Amino acid sequence: ILGIMAVSSPRREKGFDEDELIVLTNISSQVALAIENSHLHSDAQKTYLETINALAMAVEARDQYSRGHSDRVGDYAVKAARKLGLSEQQIKTIKEAAVLHDVGKIGLSDSILLKPGKLTDIERSIMQQHPVIGEGIIIPLHNFANLRDPIRHHHEWLDGTAYPDHLKDDQVSMEARLLAVADSFDAMTSKRPYRDAMSVSIAFEELNKYKGTRYDPAVVDAFISCISTEQ
(Lines give C-alpha, C1' and ligand atoms only; values in the text may rest on other atoms or scores of the structure.)
Protein backbone atom coordinates (compact mmCIF):
# COMPACT_ATOMS: atom_id res chain seq x y z
CA ILE A 1 0.00 0.00 0.00
CA LEU A 2 1.47 3.34 -1.09
CA GLY A 3 -1.13 5.60 0.43
CA ILE A 4 -4.80 6.33 1.03
CA MET A 5 -7.07 8.62 -0.95
CA ALA A 6 -9.67 10.33 1.26
CA VAL A 7 -12.61 12.06 -0.48
CA SER A 8 -15.48 13.88 1.22
CA SER A 9 -18.14 16.45 0.50
CA PRO A 10 -19.75 18.55 3.29
CA ARG A 11 -22.71 19.34 1.01
CA ARG A 12 -23.74 15.71 0.52
CA GLU A 13 -26.35 14.05 2.70
CA LYS A 14 -25.42 10.57 1.50
CA GLY A 15 -22.31 8.80 0.30
CA PHE A 16 -20.93 8.53 -3.21
CA ASP A 17 -22.67 6.35 -5.76
CA GLU A 18 -21.19 3.35 -7.55
CA ASP A 19 -20.08 5.25 -10.66
CA GLU A 20 -18.25 7.83 -8.55
CA LEU A 21 -16.50 5.08 -6.59
CA ILE A 22 -15.35 3.48 -9.86
CA VAL A 23 -13.92 6.82 -11.02
CA LEU A 24 -12.11 7.31 -7.70
CA THR A 25 -10.78 3.76 -7.80
CA ASN A 26 -9.41 4.32 -11.31
CA ILE A 27 -7.80 7.61 -10.28
CA SER A 28 -6.16 6.06 -7.21
CA SER A 29 -4.87 3.15 -9.32
CA GLN A 30 -3.28 5.56 -11.80
CA VAL A 31 -1.72 7.60 -8.99
CA ALA A 32 -0.34 4.43 -7.37
CA LEU A 33 1.10 3.30 -10.70
CA ALA A 34 2.75 6.69 -11.26
CA ILE A 35 4.29 6.64 -7.76
CA GLU A 36 5.53 3.08 -8.23
CA ASN A 37 7.09 3.94 -11.58
CA SER A 38 8.77 6.94 -10.00
CA HIS A 39 10.20 4.74 -7.26
CA LEU A 40 11.49 2.22 -9.80
CA HIS A 41 13.09 4.97 -11.88
CA SER A 42 14.70 6.48 -8.80
CA ASP A 43 16.03 3.09 -7.72
CA ALA A 44 17.45 2.48 -11.19
CA GLN A 45 19.22 5.85 -11.18
CA LYS A 46 20.55 5.22 -7.68
CA THR A 47 21.84 1.79 -8.67
CA TYR A 48 23.54 3.22 -11.73
CA LEU A 49 25.20 5.97 -9.71
CA GLU A 50 26.39 3.43 -7.16
CA THR A 51 27.86 1.42 -10.03
CA ILE A 52 29.68 4.48 -11.36
CA ASN A 53 31.02 5.23 -7.88
CA ALA A 54 32.26 1.65 -7.70
CA LEU A 55 34.02 2.17 -11.04
CA ALA A 56 35.61 5.37 -9.73
CA MET A 57 36.87 3.46 -6.69
CA ALA A 58 38.11 0.72 -9.01
CA VAL A 59 40.21 3.27 -10.90
CA GLU A 60 41.82 4.46 -7.69
CA ALA A 61 42.33 0.89 -6.51
CA ARG A 62 44.39 0.20 -9.64
CA ASP A 63 46.77 3.02 -8.82
CA GLN A 64 48.00 3.34 -5.24
CA TYR A 65 49.27 6.86 -5.99
CA SER A 66 45.79 8.18 -6.76
CA ARG A 67 43.89 6.70 -3.82
CA GLY A 68 41.77 9.34 -2.13
CA HIS A 69 42.39 11.75 -5.01
CA SER A 70 38.74 12.23 -5.97
CA ASP A 71 37.63 12.83 -2.38
CA ARG A 72 40.38 15.40 -1.85
CA VAL A 73 39.56 17.18 -5.11
CA GLY A 74 35.92 17.33 -4.04
CA ASP A 75 36.77 18.75 -0.61
CA TYR A 76 39.09 21.38 -2.09
CA ALA A 77 36.66 22.43 -4.82
CA VAL A 78 33.66 22.66 -2.50
CA LYS A 79 35.54 24.88 -0.05
CA ALA A 80 36.64 27.21 -2.85
CA ALA A 81 33.10 27.22 -4.29
CA ARG A 82 31.66 28.31 -0.94
CA LYS A 83 34.34 31.00 -0.68
CA LEU A 84 33.22 32.29 -4.10
CA GLY A 85 29.58 32.30 -3.02
CA LEU A 86 28.34 29.78 -5.56
CA SER A 87 24.81 28.43 -5.27
CA GLU A 88 24.06 25.21 -3.41
CA GLN A 89 23.10 23.56 -6.70
CA GLN A 90 26.49 24.43 -8.21
CA ILE A 91 28.26 23.17 -5.11
CA LYS A 92 26.31 19.91 -5.28
CA THR A 93 27.28 19.51 -8.94
CA ILE A 94 30.94 20.18 -8.16
CA LYS A 95 30.98 17.68 -5.30
CA GLU A 96 29.37 14.91 -7.36
CA ALA A 97 31.46 15.64 -10.45
CA ALA A 98 34.65 15.53 -8.37
CA VAL A 99 33.88 11.96 -7.28
CA LEU A 100 33.51 10.90 -10.91
CA HIS A 101 35.89 13.25 -12.74
CA ASP A 102 38.47 10.53 -13.43
CA VAL A 103 36.05 7.64 -13.99
CA GLY A 104 37.05 7.58 -17.66
CA LYS A 105 40.42 6.18 -16.64
CA ILE A 106 38.66 2.84 -16.21
CA GLY A 107 39.00 2.60 -20.00
CA LEU A 108 42.79 3.05 -20.01
CA SER A 109 45.28 0.20 -20.01
CA ASP A 110 47.57 -0.34 -17.02
CA SER A 111 50.57 0.18 -19.28
CA ILE A 112 49.54 3.83 -19.58
CA LEU A 113 47.75 4.44 -16.28
CA LEU A 114 50.52 2.88 -14.17
CA LYS A 115 53.55 3.77 -16.29
CA PRO A 116 56.40 4.73 -13.92
CA GLY A 117 57.98 7.23 -16.33
CA LYS A 118 56.79 10.03 -18.57
CA LEU A 119 54.26 9.21 -21.26
CA THR A 120 55.08 9.26 -24.95
CA ASP A 121 53.14 11.61 -27.22
CA ILE A 122 50.86 8.77 -28.32
CA GLU A 123 50.30 7.60 -24.73
CA ARG A 124 49.58 11.16 -23.67
CA SER A 125 46.97 11.57 -26.39
CA ILE A 126 45.29 8.38 -25.19
CA MET A 127 45.40 9.57 -21.57
CA GLN A 128 43.81 12.84 -22.64
CA GLN A 129 40.72 10.95 -23.79
CA HIS A 130 39.74 9.97 -20.25
CA PRO A 131 37.43 13.01 -19.76
CA VAL A 132 35.58 12.05 -22.96
CA ILE A 133 35.31 8.43 -21.84
CA GLY A 134 34.09 9.61 -18.44
CA GLU A 135 31.35 11.73 -19.98
CA GLY A 136 30.31 8.77 -22.12
CA ILE A 137 29.84 6.66 -19.00
CA ILE A 138 27.65 9.38 -17.44
CA ILE A 139 25.44 10.01 -20.50
CA PRO A 140 22.86 7.28 -19.67
CA LEU A 141 22.43 8.80 -16.21
CA HIS A 142 19.80 11.34 -17.25
CA ASN A 143 19.21 12.72 -13.76
CA PHE A 144 22.88 13.67 -13.59
CA ALA A 145 23.24 15.39 -16.95
CA ASN A 146 24.65 18.40 -15.06
CA LEU A 147 27.81 16.39 -14.32
CA ARG A 148 28.71 15.88 -17.96
CA ASP A 149 30.26 19.31 -18.51
CA PRO A 150 32.63 19.40 -15.50
CA ILE A 151 33.65 15.77 -16.05
CA ARG A 152 34.46 16.38 -19.71
CA HIS A 153 36.11 19.77 -19.23
CA HIS A 154 38.01 19.60 -15.93
CA HIS A 155 41.31 19.65 -17.86
CA GLU A 156 40.47 22.71 -19.99
CA TRP A 157 42.53 25.90 -19.59
CA LEU A 158 41.37 29.47 -20.11
CA ASP A 159 43.88 30.06 -22.93
CA GLY A 160 42.35 27.28 -25.03
CA THR A 161 45.46 25.11 -25.17
CA ALA A 162 44.20 22.17 -23.10
CA TYR A 163 41.98 19.18 -23.76
CA PRO A 164 39.72 17.63 -24.91
CA ASP A 165 37.88 20.47 -26.69
CA HIS A 166 40.32 23.41 -26.44
CA LEU A 167 37.70 25.58 -24.78
CA LYS A 168 38.65 29.17 -24.02
CA ASP A 169 37.69 31.83 -21.47
CA ASP A 170 33.91 31.90 -20.86
CA GLN A 171 33.46 28.60 -22.69
CA VAL A 172 34.88 26.91 -19.59
CA SER A 173 32.18 26.63 -16.92
CA MET A 174 32.79 27.71 -13.34
CA GLU A 175 32.35 24.12 -12.18
CA ALA A 176 35.08 22.95 -14.58
CA ARG A 177 37.35 25.85 -13.55
CA LEU A 178 37.09 24.87 -9.89
CA LEU A 179 37.81 21.22 -10.61
CA ALA A 180 40.79 22.19 -12.79
CA VAL A 181 42.44 24.07 -9.92
CA ALA A 182 41.61 21.48 -7.25
CA ASP A 183 42.69 18.60 -9.50
CA SER A 184 45.97 20.28 -10.42
CA PHE A 185 46.77 21.13 -6.81
CA ASP A 186 46.17 17.60 -5.57
CA ALA A 187 48.18 16.14 -8.45
CA MET A 188 51.10 18.46 -7.66
CA THR A 189 51.07 17.72 -3.94
CA SER A 190 50.76 13.94 -4.38
CA LYS A 191 53.66 11.57 -4.94
CA ARG A 192 53.89 9.96 -8.35
CA PRO A 193 56.07 7.07 -9.59
CA TYR A 194 58.10 9.52 -11.68
CA ARG A 195 58.41 12.40 -9.16
CA ASP A 196 58.07 13.36 -5.52
CA ALA A 197 55.19 15.44 -4.21
CA MET A 198 55.55 19.21 -4.32
CA SER A 199 55.24 21.21 -1.15
CA VAL A 200 52.04 23.18 -0.68
CA SER A 201 53.91 26.48 -1.08
CA ILE A 202 55.46 25.41 -4.39
CA ALA A 203 52.06 24.20 -5.61
CA PHE A 204 50.59 27.61 -4.71
CA GLU A 205 53.36 29.27 -6.71
CA GLU A 206 52.50 27.12 -9.71
CA LEU A 207 48.82 28.03 -9.47
CA ASN A 208 49.65 31.73 -9.22
CA LYS A 209 52.10 31.45 -12.11
CA TYR A 210 49.35 30.34 -14.47
CA LYS A 211 46.54 32.63 -13.29
CA GLY A 212 44.72 34.02 -16.28
CA THR A 213 46.25 31.54 -18.72
CA ARG A 214 45.43 28.12 -17.35
CA TYR A 215 43.38 28.98 -14.29
CA ASP A 216 40.70 31.48 -13.33
CA PRO A 217 42.40 34.11 -11.10
CA ALA A 218 39.36 34.41 -8.81
CA VAL A 219 39.24 30.63 -8.37
CA VAL A 220 42.96 30.45 -7.60
CA ASP A 221 42.71 33.25 -5.03
CA ALA A 222 39.69 31.66 -3.33
CA PHE A 223 41.32 28.25 -3.39
CA ILE A 224 44.61 29.41 -1.88
CA SER A 225 42.75 31.41 0.75
CA CYS A 226 40.80 28.32 1.83
CA ILE A 227 43.70 25.88 1.80
CA SER A 228 46.14 28.28 3.48
CA THR A 229 43.94 28.45 6.59
CA GLU A 230 44.25 24.66 6.97
CA GLN A 231 48.03 24.53 6.83
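Tutor: A nonpolar patch is made of residues with over 30% relative accessible area and no salt bridge, their nonpolar side chains being joined within 5 Å. The model discussed here is predicted.

Student: What accessible area does the nonpolar patch on the surface have together?

Tutor: The patch is formed by L2, M5, V7, V23, I27, V31 and I35. One of these, V23, is found in helix α1, which covers residues 18-62. V23 has a relative accessible area of 47%, and a patch residue needs over 30%. Together the patch residues have an accessible area of about 540 Å².

Student: How many charged residues does the lining of the second largest pocket have?

Tutor: The second largest pocket holds about 260 Å³ of space. L2, G3, I4, M5, A6, V7, L24, S28, S29, V31, A32 and I35 line this pocket. By class, the lining has 9 nonpolar and 3 polar residues, and the number of charged residues is none.

Student: Which element gives the largest share of the lining of the largest pocket?

Tutor: The largest pocket holds about 1300 Å³ of space. Its lining has 42 residues, and H155, Y163, A187, R192 and Y194 lie nearest the centre. Elements giving two or more residues to this lining are α1, α2, α4, α5, α8 and α9. The largest share, 5 residues, comes from α8.

Student: How many residues of the lining of the largest pocket are charged?

Tutor: The lining of the largest pocket is divided by class into nonpolar, polar and charged residues. There are 20 nonpolar and 9 polar residues, and the charged ones number 13.

Student: How much space lies in the largest cavity?

Tutor: The count of cavities of 30 Å³ or more comes to 1. The largest cavity is lined by E156, W157, L158, V172, R177, A180, V181, R214, Y215 and D216. This lining divides into 6 nonpolar, no polar and 4 charged residues. The space in the largest cavity is about 40 Å³.

Student: Is E88 buried or exposed?

Tutor: The side chain of E88 meets that of R82 in a salt bridge, at 3.1 Å from N to O. R82 has a relative accessibility of 48% and so counts as partly exposed. For E88 the relative accessible area is 55%. Exposed means over 50%, so E88 is exposed.

Student: How many residues apart in sequence are the parts that E135 and R148 tie together?

Tutor: E135 and R148 form a salt bridge whose closest N and O atoms are 3.2 Å apart. E135 lies in helix α6 (residues 130-138) and R148 in helix α7 (residues 148-153), so the parts that the pair ties together are 13 residues apart in sequence.

Student: Is E135 buried or exposed?

Tutor: E135 belongs to a network of salt bridges that also links R148, R152 and D165. R148 has a relative accessible area of 30% and is partly exposed. The relative accessible area of E135 is 11%. Buried means under 20%, so E135 is buried.

Student: Which helix holds D221?

Tutor: K211 and D221 form a salt bridge, with the closest N and O atoms 3.0 Å apart. The pair links distant parts of the chain, 10 residues apart, with K211 in the loop between α9 and α10 and D221 in helix α10.

Student: How many salt bridges does the structure hold?

Tutor: Side chains of opposite charge can pair when their charged atoms come close. The number of salt bridges in the structure is 12.

Student: Which residue is joined to P164 by a cis peptide bond?

Tutor: P164 is found in the loop between α7 and α8. Omega of the cis peptide bond is about 5°. The residue joined to P164 by this bond is Y163.

Student: What separates the C-alpha atoms of D159 and D169?

Tutor: D159 lies in the loop between α7 and α8. D159 is partly exposed at 31% relative accessible area, and D169 counts as partly exposed at 40%. The two residues are 10 residues apart along the chain, and their C-alpha atoms are separated by 6.6 Å.

Key:
Residues are numbered from 1 along each chain as its sequence is written. This is a predicted model: local features need pLDDT of at least 70, side-chain atom pairs count only at pLDDT 80 or more; totals for chains, interfaces and linings use all residues. Side-chain values use heavy atoms; hydrogens and water are left out. A salt bridge is a side-chain nitrogen of Lys or Arg within 4 Å of a carboxyl oxygen of Asp or Glu. Buried means under 20% relative accessible area, exposed over 50%, partly exposed in between (1.4 Å probe, protein chains only). Helices (H or I, at least four residues) and strands (E, at least two) are DSSP runs, numbered from the N terminus. On a 1 Å grid over the protein atoms alone, a cavity is a set of points where a 1.4 Å probe fits but cannot get out, and a pocket is an open set with protein on both sides within 12 Å along at least five of seven lines; lining residues have an atom within 4 Å of a point. Grid points are joined across faces, edges and corners, and a volume is the space filled by probe spheres set on the points. Ala, Val, Leu, Ile, Met, Phe, Trp, Tyr, Cys and Pro count as nonpolar, Asp, Glu, Lys and Arg as charged, and the others, Gly among them, as polar. Patches are made of residues with over 30% relative accessible area and no salt bridge: like charges are joined within 9 Å, nonpolar side chains (Val, Leu, Ile, Met, Phe, Trp, Tyr) within 5 Å. Accessible areas come from the Shrake-Rupley method with a 1.4 Å probe; for residues, only the protein chains shown count as cover.
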